[in-house]
Structures are given as structure tokens and as C-alpha cells.
Amino acid sequence: MAETKCLAVVGSGQMGSGIAQLGAMHGLHVWLLDTDPVALSRASKAISSSLQRFVSKGQLSQAASTDALRRLQFTSNLEELRSADFIIEAIIESEDVKKTLFLELDKIAKSSAILASNTSSISITRLASTTSRPRQVIGMHFMNPPPIMKLVEIVRGADTSDETFHATKALAERFGKTIICSQDYSGFIVNRILMPMINEAFFTLYTGVATKEDIDTGMKLGTNHPMGPLELADFIGLDVCLSIMKVLYTGLGDSKYAPCPLLVQYVDAGRIGRKCGIGVYDYRRLPASIKSSPRL
């Protein structure tokens with residue numbers, strides 16, 4: 001396959017905007033698509049701020065930051081993605097919604113384009129089945145936040161070709177990422193291990209074993225984790241954690257993956273973490289710099 005020159009990212013949330021930023025920083029022409037103009041405006045500001053932080057830390061020149069912004073275009077029109085060599089989906093963690101999008105992308109993307117999903121748990125094989133090009137569908141799971149975290153998890157579906165895998169690996173390496181490869185099983189590698197730990201932390205809180213502060217302090221100081229599991233859940237989004245636990249529970253058929261009732265309750269109450277101001281912890285009175293901290 002030819003070298004990727006034009007990248008498209010669908011979904012302008014924290015993951016999508018971060019992936020788009022990576023592409024622009026590494027010389028690609030990038031389209032960032034979202035159906036919500038307000039979300040696109042928010043993403044544009046977030047990318048500009050992130051690039052400026054790289055400049056202020058001496059990790060990027062001002063000229064390179066300016067060039068990256070020039071290579072980045074925002075749109076709500078799916079037709080704009082016809083020129084893309086590589087399209088990465090980074091929308092809500094819902095199989096039905098992703099399948100609908102892949103069906104639409106398959107219709108408008110050029111025949112040589114690769115369709116990748118940033119899903120952290122959903123079957124790539126099932127997503128690929130909605131398209132006419134299953135050999136060109138692959139999982140490319142970035143860690144949050146994409147410009148900072150060094151890992152990309154690549155997941156081949158049942159029909160993913162070697163050419164698609166090598167093109168995806170080359171793109172991740174161009175971004176300076178370390179690559180791990182997972183078989184197409186629920187949760188892949190990272191979330192197969194991480195999410196049950198977070199879920200168990202919720203059970204520990206739910207059953208009154210300890211306070212949220214002591215649970216997080218115990219894991220930070222006792223196991224050298226940079227964030228406690230409940231704090232990390234708030235950073236990821238409790239809604240995302242719950243979605244992944246449901247995928248694990250359904251896909252693996254083991255009761256040990258059943259979501260904790262407290263996690264379910266928090267999501268039902270709209271307490272989904274930092275992005276809304278409250279989750280396990282209340283962030284509404286914290287300084288903006290702490291609320292938006294990208295460090296894990």
C-alpha cells in the first residue's frame with residue numbers, strides 16, 4: 001500500500017482530537033470530522049493549547065506548531081473524507097453506532113483507504129463485517145491522551161490483510177509509538193487487564209472496605225501507579241468504563257466481569273467523571289489546570 005499522506009479522524013473528543021493532532025504534528029494533512037460544530041470548535045482550541053504546551057516545554061518549535069495547525073482542517077461533511085488514505089474512527093464506544101459509521105465510511109472512502117477503529121474493546125471482525133473491504137479494516141487503539149502516551153494497540157480482525165497491518169504499524173511508528181498486537185478478543189490486552197481492576201476498585205468502595213481516597217492512595221503508593229484506579233476511571237470516563245465492562249461481560253461470558261452496581265449507579269446519575277465535573281470525585285471547584293490535566 002502507498003504511504004499515508006492524508007489522514008481523517010472521525011470524532012473530535014479527547015481521543016479524536018489527540019489523534020488528529022498527532023497526524024498534523026507528523027506531517028500529514030488531516031481532516032477532523034464531527035457532526036457537532038461546537039465540539040469541533042472545542043477541539044480546535046484544545047489542539048492549539050496542546051501544541052502551545054509542547055512549544056513552551058521546548059518539545060516543538062513555534063514554526064512546527066504553526067505548520068501543524070495549517071495541515072489540520074475541520075469539517076462536519078463526511079464527503080470531505082473522500083481523499084483520505086487512512087480513516088480512524090474515534091467516536092462513542094457503542095458497537096451499533098460504530099457499525100453505522102463504518103457502513104457510511106465504506107461508501108464514501110476511496111477503494112484503497114484503510115478504515116481503522118480506536119475502539120478499546122469492540123470486535124474488529126464485527127465492525128469489518130459491515131463493510132465491503134474487511135481486509136482493510138483494523139483496530140488502532142491509542143492511549144489517552146494520544147499526543148503523550150507512547151502505546152498503540154493494534155488489533156487484526158479475522159480478515160485483516162498483512163498489507164493493512166503493515167501500513168497501520170508504519171503509521172504508528174511514524175507517530176513515535178510503541179506497538180503491541182492483540183488478537184480480536186473482547187477488551188484486547190490493556191482493557192482486559194485494566195478495566196477489571198477499576199471495576200474491583202468500585203466493588204471495594206461499594207462494599208465499604210475503604211474510602212475512595214484510601215483505595216487510590218493504596219494503589220499509588222503500594223503499587224507505584226501514577227493514578228489510583230478510581231481517579232483513573234474519572235479521567236477515562238465512567239461511561240466508557242461501564243461500556244467496556246459490558247463488552248467484557250457479554251463477550252467473555254464470565255461473571256467476574258459483571259459491572260459493579262455502584263459504577264452503574266454513578267453513570268445512571270450522570271456522574272461520568274472529569275468531563276462533566278463530577279464522578280467518583282467532585283472536580284467542579286478545582287482549578288481548570290487540574291481539571292484538564294492530561295497526565296496519567
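**Reading a predicted model: burial, contacts and annotated sites**

Val-30 lies in strand E2, which covers residues 29-33. The model discussed here is predicted.

Q: Why is Val-30 called buried?
A: The relative accessible area of Val-30 is 0%.

Q: What makes Leu-7 and Gln-73 count as contacts of Val-30?
A: A contact requires heavy atoms within 4.5 Å. With neighbours within four places in sequence left aside, Val-30 has such contacts with Leu-7, Ala-20, Gly-23, Ala-24, Arg-71, Leu-72 and Gln-73.

Q: How far apart are Val-30 and Ser-117 in sequence and in space?
A: They are separated by 87 residues in sequence and by 16 Å in space, C-alpha to C-alpha.

Q: Which residues does the UniProt annotation "binding site" cover?
A: According to the unreviewed UniProt entry, the annotation covers Ser-50, Lys-57 and Ser-120.

Q: How do you know that these residues do not all gather at one spot?
A: They span 71 residues in sequence, and the farthest two C-alpha atoms are 30.1 Å apart, so the three do not all gather at one spot.

Q: Why is Lys-57 called exposed?
A: Lys-57 has a relative accessible area of 58%. Exposed means over 50%, and Lys-57 is therefore classed as exposed. This residue lies in the loop between helix H2 (37-56) and helix H3 (62-70).

Q: Is Ser-120 buried or exposed, and why?
A: Ser-120 has a relative accessible area of 9%. The limit for buried is under 20%, so Ser-120 is buried. Ser-120 is found in a loop, between strand E5 (114-117) and helix H5 (124-128).

Q: Which residues are in contact with Ser-120, leaving aside its neighbours within four places in sequence?
A: Ser-120 is in contact with Glu-93, His-141, Gly-187, Phe-188, Asn-191 and Ile-244.

Q: How many helices and strands does the protein have?
A: There are twelve helices and eight strands.

Q: What makes the protein as compact as a globular protein of its length?
A: Its radius of gyration is 19 Å, and the globule rule gives 19 Å for 296 residues; the value is close to the rule, so the protein is as compact as a globular protein of that length.

Q: What share of the residues in the protein is buried?
A: Buried residues account for 49% of the 296 residues.

Q: What share of contacts between residues at least 6 apart in sequence joins residues at least 24 apart?
A: The share is 67%.

Conventions. Residues numbered from 1 in each chain as written. Predicted model: local features only at pLDDT ≥ 70, side-chain atom pairs only at ≥ 80, totals over all residues. Heavy atoms only, no water. UniProt positions renumbered as here; feature names shortened; annotations may be inferred. Helix = DSSP H or I, 4+ residues; strand = E, 2+ residues; numbered from the N terminus. Buried < 20%, exposed > 50% of the residue type's maximum accessible area, 1.4 Å probe, protein only. Rg over C-alpha atoms; globule rule 2.2 N^0.38 Å.
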